[in-house]
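Subject: Handover of a protein structure

Dear colleague,

I am handing over to you the structure shown below, together with its sequence. Please keep it open while you read the notes that come after it.

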Amino acid sequence: STFPIDTRQCRVELQNGQFFAQGTCRDGNPVLYFRNYLLGPWREREDALIDAVLYRLDHYLHHFDRECRRKGESSKVTLVVLMGKPEPLLDWKRKMKRKKRNPDGESEDDSDDENVTFISTMTSQELKANPLFLGNSPRLNSADEYYRHSNKNVVLRLLGILDLHYPERLSRALLIPGKGHHYGYYATTVGVRVGLRSVVASDRTRSKIFVLRKRKELRAWIEDDELVTLVGGNAPVHPSAFAF
């Protein structure tokens, strides 16, 4: 293990589905997801969060390495950092707004929606019965409120650690900023890039970090059936994201 982690200190963070691996990108590399918003209040223990991420990262990389050695391939990963709320939840709220504007059920133009997925056709009861579509733990009530579970400092610290200890393992990092101060992260494209320069020393690593404007831009790197529903794809989050 690269980092000796006392899992007793981060057991909560290891079971909340904040950082997990699922699917592959178009290049065939495993995809790792880091989420900013989760159900329930954050404990605001930055070190516990970082320990949980590093513990899972070590586990995933050892597994990926074994698979790649068996296939004779190099082992790299694609990282997706989602600073906003889950895509299915946003889609469902847009659906409810359209119904409120048009109670007769006539079709409306959805061209102003960023990315309306098939989840939009689900009722609130169906969403609550299928927590993995929202990326929620089956142990929690999907009707609970979402809260921010990280901050800019945590994200920049993690990117700095990746740059220092795993410089050749990152194929690319795809950052999707939240919008406005209520996300706890003033994440304009310019602001993120300026912040990255202060913690990511390597020009080569910085060149692998892409700040996207919309979640649908992820499809340039990850196919719909490999992309999790959290960000507008078709794949529900696997229960292993919440297992420890």
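This is a predicted model: local features need pLDDT of at least 70, side-chain atom pairs count only at pLDDT 80 or more; totals for chains, interfaces and linings use all residues.

Overall fold

The protein chain has 244 residues, and 51% of them count as buried. Its secondary structure comprises 7 helices and 7 strands. Read from the N terminus on, these elements follow the order α-β-β-β-α-β-α-α-β-α-β-α-α-β.

The hairpin of β1 and β2

The strands β1 and β2 run antiparallel and are joined by 4 bridges. One of the residues to look for here is Thr-24, whose bridge partner in β2 is Pro-30. Between the two strands of this hairpin there are 5 residues, and Gly-28 takes a positive phi near 90 degrees.

In soluble globular proteins, nonpolar side chains tend to be buried together. The largest nonpolar core in this model contains 47 residues, and Tyr-33, Phe-34 and Leu-79 have the most contacts inside it. Six elements can be traced in turn on the model: β1 (19–24), β2 (30–35), α2 (46–71), β4 (77–82), α5 (152–165) and β6 (170–176) each supply at least two residues of this core. Helix α2 provides the largest share, with 8 residues. Apart from this core lies another, of 5 residues, and Ile-5, Cys-10, Leu-14 and Ala-52 are among them.

Which residues does Tyr-33 touch, if those up to four places away in sequence are not counted? Its partners are Gln-18, Phe-19, Phe-20, Gln-22, Val-80, Ile-222, Glu-226, Leu-227, Val-228 and Val-231.

A closer look at Leu-57

Leu-57 lies in helix α2. Is Leu-57 buried or exposed? Its relative accessibility is 5%, and a residue counts as buried under 20%, so Leu-57 is buried. Leaving aside residues up to four places away in sequence, Leu-57 touches Phe-19, Leu-32, Leu-162 and Tyr-166. Leu-57 and Phe-20 are 37 residues apart along the chain, yet their C-alpha atoms are separated by 8.4 Å.

The cavities

Rolling a probe the size of a water molecule over the atoms shows where empty space is left. In this model the count comes to 2 cavities of 30 Å³ or more.

The largest cavity has a volume of about 220 Å³. It is lined by 18 residues, of which Phe-19, Leu-57, Leu-79, Leu-158 and Leu-162 lie nearest its centre. At least two residues of this lining come from each of β2, α2, β4 and α5, and α5 supplies the largest share, 5 residues. By class, the lining of the largest cavity has 17 nonpolar residues, no polar ones and 1 charged one.

The second largest cavity holds about 40 Å³ of space. Its lining is formed by Glu-13, Leu-14, Asn-16, Gln-18, Phe-19, Leu-49, Ala-52, Val-53 and Arg-56. The elements that give two or more residues to this lining are α1 (11–14) and α2, and α2 gives the most, with 4 residues. The lining of the second largest cavity divides into 5 nonpolar, 2 polar and 2 charged residues.

The largest pocket

About 310 Å³ of space lies in the largest pocket. Of the 18 residues that line it, Ala-21, Arg-56, His-59, Tyr-60 and Ser-240 lie nearest its centre. The elements β1, β2 and α2 give two or more residues to the lining of this pocket. Which element gives the most to the lining of the largest pocket? That element is α2, with 6 residues. By class, this lining has 11 nonpolar, 6 polar and 1 charged residues.

Yours sincerely,
A colleague

Terms used. Residues are numbered from 1 along each chain as its sequence is written. Side-chain values use heavy atoms; hydrogens and water are left out. A nonpolar core is a set of buried Ala, Val, Leu, Ile, Met, Phe, Trp, Tyr and Cys residues joined through side-chain atoms within 4.5 Å. Buried means under 20% relative accessible area, exposed over 50%, partly exposed in between (1.4 Å probe, protein chains only). Contact means heavy atoms within 4.5 Å. On a 1 Å grid over the protein atoms alone, a cavity is a set of points where a 1.4 Å probe fits but cannot get out, and a pocket is an open set with protein on both sides within 12 Å along at least five of seven lines; lining residues have an atom within 4 Å of a point. Grid points are joined across faces, edges and corners, and a volume is the space filled by probe spheres set on the points. Ala, Val, Leu, Ile, Met, Phe, Trp, Tyr, Cys and Pro count as nonpolar, Asp, Glu, Lys and Arg as charged, and the others, Gly among them, as polar. Two strands pair if DSSP finds at least two bridges between them.
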